[in-house]
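Trainee: I would like to learn how to read the features of a model like this one. Please take me through them in turn.

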Amino acid sequence: MTTAGTYTPSPGAAPLSRMIGAQAALETRMLLRNGEQLLLTVVIPALLLVLFGSVDIVDTGKGEAVDFLTPGVLALAVMSTAFTGQAIATGFERRYGVLKRLAASPLPRWGLMTAKTVSVLVTEALQVVLLTVIAFALGWSPHGDPAAVLLLLVLGTAAFSGLGLLMAGTLRAEATLAAANLVFLLLLVGGGVIVPMDKFPSGVQDVLGLLPISALSDGLRDVLQHGAGMPWGDLGILAVWAVVGLAAAGRFFRWE
């Protein structure tokens, strides 16, 4: 015989870690089901690596083209997910009131941003695996310290995430869509991803070298192609962009 209260419901929010995990899984599924996002984050970097790694289109200097291109394409993959894709998706979520509704849920705002970050990291891990397999098939011979590569990728993700959230939280969704794609195209050409930085005039090189995409691609290239140690200069540039971007996003992000 049951006593009173045995089946009494106990309403309340789920544990915070479970809420963040569920939201991160949802964000990842939504991204992987979005054809435009997949084109931006997976198809374009993979095609660039295969095309420029197989056909001698751009003079990449001494050595195999794939050894020069792979670090740059890895940097491009980070930018496409953490900056371009996240900015566009978050911008339209803000426009349609999704962020406002989620902000009123038991999941705190910082928890929502944490879930988005986890989703970005999961997507980037899948990108790195895919691009690495393609690069090895093209004859890639990486060198260097994996810890340095991981640190570069993490700081690059933080830098681009801050900038992407700043753009999504301050501009209209349509403006974010146009601006994020324009920045993607400009940095693809001028960020040392495909075209070596020494192809630009010296004055332009000094300016481009301060961009996060340039620091990430050059740092990865120093480690993976040349076997260099910890690229402190590039890491410092990425750290500054990460701090400034995330601080500005936290200060100016509008949820409505």
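The dialogue below covers annotations, aromatic rings and pockets.

Trainee: What should I know before I start?

Mentor: This is a predicted model, in which local features need pLDDT of at least 70 and side-chain atom pairs count only at pLDDT 80 or more, while totals for chains, interfaces and linings use all residues. Residues are numbered from 1 along each chain as its sequence is written, and side-chain values use heavy atoms, with hydrogens and water left out.

Trainee: Which residues does the UniProt domain annotation cover?

Mentor: UniProt positions are given in the numbering used here, with shortened feature names, and annotations may be inferred rather than shown by experiment. The unreviewed UniProt entry gives "domain: ABC transmembrane type-2" for residues 32-256. That stretch is 76% helix and 0% strand, with its end C-alpha atoms 26 Å apart. Helices (H or I, at least four residues) and strands (E, at least two) are DSSP runs, numbered from the N terminus.

Trainee: Where does UniProt place the "transmembrane region" feature?

Mentor: The unreviewed entry lists residues 38-57, 69-92, 118-141, 147-168, 175-195 and 235-253. Residues 38-57 are 85% helix and 0% strand, and their end C-alpha atoms are 25 Å apart. For residues 118-141 the figures are 83% helix, 0% strand and 30 Å.

Trainee: Is Gln127 buried or exposed?

Mentor: Buried means under 20% relative accessible area, exposed over 50%, and partly exposed in between (1.4 Å probe, protein chains only). Gln127, in helix α5, has a relative accessible area of 4% and is buried.

Trainee: How many aromatic pairs does a search of the whole structure find?

Mentor: A pair of aromatic rings is described by the distance of the centres and the angle of the planes. Rings of Phe, Tyr and Trp (its six-membered ring) pair if their centres lie within 6.5 Å; planes under 30 degrees apart count as stacked, over 60 as edge-to-face and the rest as tilted. The search finds 4 pairs. One of them joins Phe83 and Phe160, with 6.5 Å centre to centre and 55° between the planes, a tilted pair. Phe83 lies in helix α3 (residues 65-95) and Phe160 in helix α6 (residues 146-170), so this pair ties together parts 77 residues apart in sequence. Phe83 is buried at 5% relative accessibility, and Phe160 is buried at 2%.

Trainee: What else can a ring have over its face?

Mentor: A charge sits over a ring if NZ of Lys or CZ of Arg is within 6 Å of the ring centre and within 35 degrees of the ring normal. Here Arg221 lies over the face of Phe68, at 3.8 Å from the ring centre.

Trainee: Which element gives the largest share of the lining of the largest pocket?

Mentor: On a 1 Å grid over the protein atoms alone, a pocket is an open set of points with protein on both sides within 12 Å along at least five of seven lines, and lining residues have an atom within 4 Å of a point. The largest pocket holds about 520 Å³. It has 23 lining residues, and those closest to its centre are Asn34, Gln37, Gly85, Ile88 and Ala89. The largest share, 7 residues, comes from α3.

Trainee: Which residues are closest to the centre of the second largest pocket?

Mentor: That pocket holds about 260 Å³. Of its 14 lining residues, Phe68, Pro196, Met197, Asp198 and Arg221 are the closest to its centre.

Key. 1 Å grid on protein atoms, 1.4 Å probe; cavity = no way out; pocket = protein on both sides within 12 Å on 5 of 7 lines; lining within 4 Å. Points joined across faces, edges and corners; volume = space filled by probe spheres on them.
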